[in-house]
Amino acid sequence: MSQSTKIYDRTGKILLYEIYGEEKRTYVPLEKIPKYLREAIICAEDSNFYHHFGVDFKALIRAILSDLKILKPIYGASTIPQQLIRSTFLSLEKTPERKTREIILAIELDRKYSKDQILEWYLNQIPFGQNAYGVEAAAQTYFGKNVWEINLTEAAILAALIKAPYSLSPYEEISKEKLLKRKDYILDKMANEGYISKEEAEEAKRKEISFKEKRVELLAPYFTLWVKNILEKEYGKEFLATAGWKVYTSLDYEIQKIAEKVVREGIERNKQYNAHNAALVAISPKTGEVLAMTVGTGNYYEEPYPKGCNPGIDCLFDPKFNVAVGTEKAPGRQPGSAFKPFIYATAFKKGYDDKFLVLDSPTNFGVWGGKEYLPQNYDGKFRGWVTLRSALAQSLNVPSIKVLYLAGMNEKIENLEISDFRGKEKILLEGLKESLKTARDLGITTLNKDISNYGPSIVLGGGEVNPLEMAYAYSVFANEGIKVPLYPILKIEDAKGNIVFEKRESKIRVLESGVAKLITDILSDNEARAPMFGPRSHLYFENYKVAAKTGTTDDFRDCWTVGFTPEISVSVWVGNNNNAPMVKRQPAATVAGPIFHSFLEKVLPKISSP
């Protein structure tokens, strides 16, 4: 019997999502099913239905010959009676024994019952995907109407789904395109076989289709759907829909609820700055387990904002896009100064320490992007000689870009008072190359363009990253330079309780312990950052030592706060889906910082001691 695959939290007590779930079925007699739907399904599945004796031997021989050519049991040539027998009594395993039973029973079925009776049973038995079994449940699921109310176009859609209900789902762009092509194929075949006229077929092809919105109740939707996508890529949609597996994820549901609440409250507060979306990811540095992930209000079915906007194009808030993990086409957002620790870590690997002096002064970094690069600090001030500790703790831009020069040199120098880097672009480019390698070693995969696509502005976040990978990369600092694999799934059991997958303990050193500890010490030095952020900023926790870094892009489109303790690494992003800038020029400490602080303030007492 087909069983659903269930996705749980880490305890196995909270069911987050069910792939497949119960069979939804409402039995309807044949006379209530439109004639053109019956004809469409016969055309698609068994053109010779009313003329064979349960098995179409000509089609079966053609299928066997095709299978022999490719040495795989792909082509089945199953008639409607065979499909009915298989779905009711037999397994889906493709073996000669099963096929023999199927043929014998299909012949007996056809001998004993009328064609119309067999067709009625078939139309009420077969799966259409989305938990819908039978034509009535399918019509309700996809079109929100009774089966006797559907039109010819919708009938062809239902007929098309039978071949591969999950691979032809209308709720994903790639599979929807395949579904519509098969719909047109069936309409053409109906016309060729005389069920409808060619004019009716063409009109039905052009008719607009309105699918009912897919709503599935699920908890922690952004994390859960991310895990579901990972599972489907590894094992396949159709297999998971019937496998009966139990998937135990790394999600801590108590921490997840806190994350959803503080992000939702933060978005409401940040609307005054024209910031309508946010994301938060929390990871365990020691285990690589993803403890929490949320985006926006936490409601996947929330209405996009503003009303009437076009999701994926101009919405300030688009609930269907998981900004926490991004996509291949839209991998992430610019991290601003939250990228700086990777630059400093690279310099520290070269032998520099936090006491090394850099001159914070107006500086020309040469020609980048066709013009001279003359950056400013956030507050427009210059402080003269500063240590690398002060420069990173206070997030000073000009000294941080100069650290690229240190990262790109082969020989160590005593101090850095250069204020004109014209002619030294190659050294800065080498420092950039080394710093990108550090970021990638720590877990950032999105900065994969050619080095020529980046310049010194990378120090201020000129690339694209996502909250998941930022939390993961910072967790390496928390874990003293040790990287463990990122684990959203702890264990998978099959329907009989056998272990299909289990998380393995694995770790690799990607950063010297001393370098990681130094970055941690600087980012948790409240006294060092106080001149810029104040003594009691949102980065400060009275009873806990929390390392944290903010990031704000020059155009105020993205604000970040990323930080960690030995027990947890947290990344918070705030902005808009359409990349619209925020107003009032508020820094990340004001926009993302409160979400970060509120989350850790509630979580730290649960997972660590002061």
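Is S569 buried or exposed? In this predicted model, S569 has a relative accessibility of 0% and therefore counts as buried, where buried denotes a relative accessible area under 20%, exposed one over 50%, and partly exposed the range in between (1.4 Å probe, protein chains only). Residues are numbered from 1 along each chain as its sequence is written, and side-chain values use heavy atoms, with hydrogens and water left out. As the model is predicted, local features need pLDDT of at least 70 and side-chain atom pairs count only at pLDDT 80 or more, whereas totals for chains, interfaces and linings use all residues.

The protein chain has an average pLDDT of 90, and 94% of its residues score at least 70; pLDDT is the predictor's confidence in each residue, on a scale from 0 to 100. Over residues 70-75 pLDDT stays under 50, and the model has 9 contacts beyond four places in sequence for this stretch, a contact being heavy atoms within 4.5 Å. Of the 610 residues of the protein chain, 54% count as buried. Among contacts in the protein chain with a separation of 6 or more, 70% are between residues 24 or more positions apart. Along the principal axes, the C-alpha atoms fill a box of roughly 95 × 50 × 45 Å. The secondary structure comprises 21 helices and 18 strands, taken as DSSP runs numbered from the N terminus (helices: H or I, at least four residues; strands: E, at least two).

S569 belongs to strand β18, residues 569-575. The side chain of S569 reaches the backbone oxygen of A471 at 2.6 Å, where a polar contact is a pair of N or O atoms within 3.5 Å; within protein, one must be able to donate a hydrogen and the other to accept it, and residues adjacent in sequence count only if both atoms are side-chain atoms. Leaving out residues up to four places away in sequence, S569 touches V281, A282, I283, P285, A471, Y474, S475, G563 and F564.

Strand β18 takes part in an open sheet of 5 strands, ordered β7-β6-β18-β17-β16, with antiparallel pairing; two strands pair if DSSP finds at least two bridges between them. Strands β7 (290-295) and β16 (547-552) are at the edges and have a single partner strand each, so one side of each is left without a neighbour in the sheet. From one strand to the next, the twist averages 10 degrees. The antiparallel pairing of β6 (residues 277-283) with β7 extends over 5 bridges, and A279 stands opposite V295 in β7. Helix α21 (residues 593-607) lies across β6, β16, β17 (558-564) and β18, and runs at about 145 degrees to β18; axes are lines fitted to C-alpha atoms, for helices over the stretch in contact, and angles run from 0 to 180 degrees between N-to-C directions.

A further open sheet of 5 strands has the order β2-β1-β5-β13-β14 and mixed pairing. Its edge strands, β2 (15-19) and β14 (499-502), each pair on one side only. The twist in this sheet averages 15 degrees from one strand to the next. Strands β5 (residues 246-249) and β13 (residues 489-493) pair in the antiparallel sense over 4 bridges, with K246 opposite E493 in β13.

The largest nonpolar core contains 92 residues, and those with the most contacts inside it are F223, M293, F342, L388, M470, Y474 and F477. A nonpolar core is a set of buried Ala, Val, Leu, Ile, Met, Phe, Trp, Tyr and Cys residues joined through side-chain atoms within 4.5 Å. Helix α17 (residues 467-478) supplies the largest share of this core, 9 residues. Beyond four places in sequence, the contacts of Y474 include F342, L523, V562 and S569. A second, separate core has 49 residues, among them I80, I85, F128 and I150.

Helix α1 (residues 35-45) is largely enclosed by the rest of the structure, because 8 of its 11 residues are buried. These are L37, E39, A40, I41, I42, C43, A44 and E45. The buried residues of α1 pack against α3 (80-89), α5 (115-125), α6 (135-143), α7 (152-161) and α8 (173-192). In α5, the buried residues are K115, I118, L119, E120, Y122, L123 and N124, and they pack against α1, α3, α4 (96-112), β4 (132-133) and α6.
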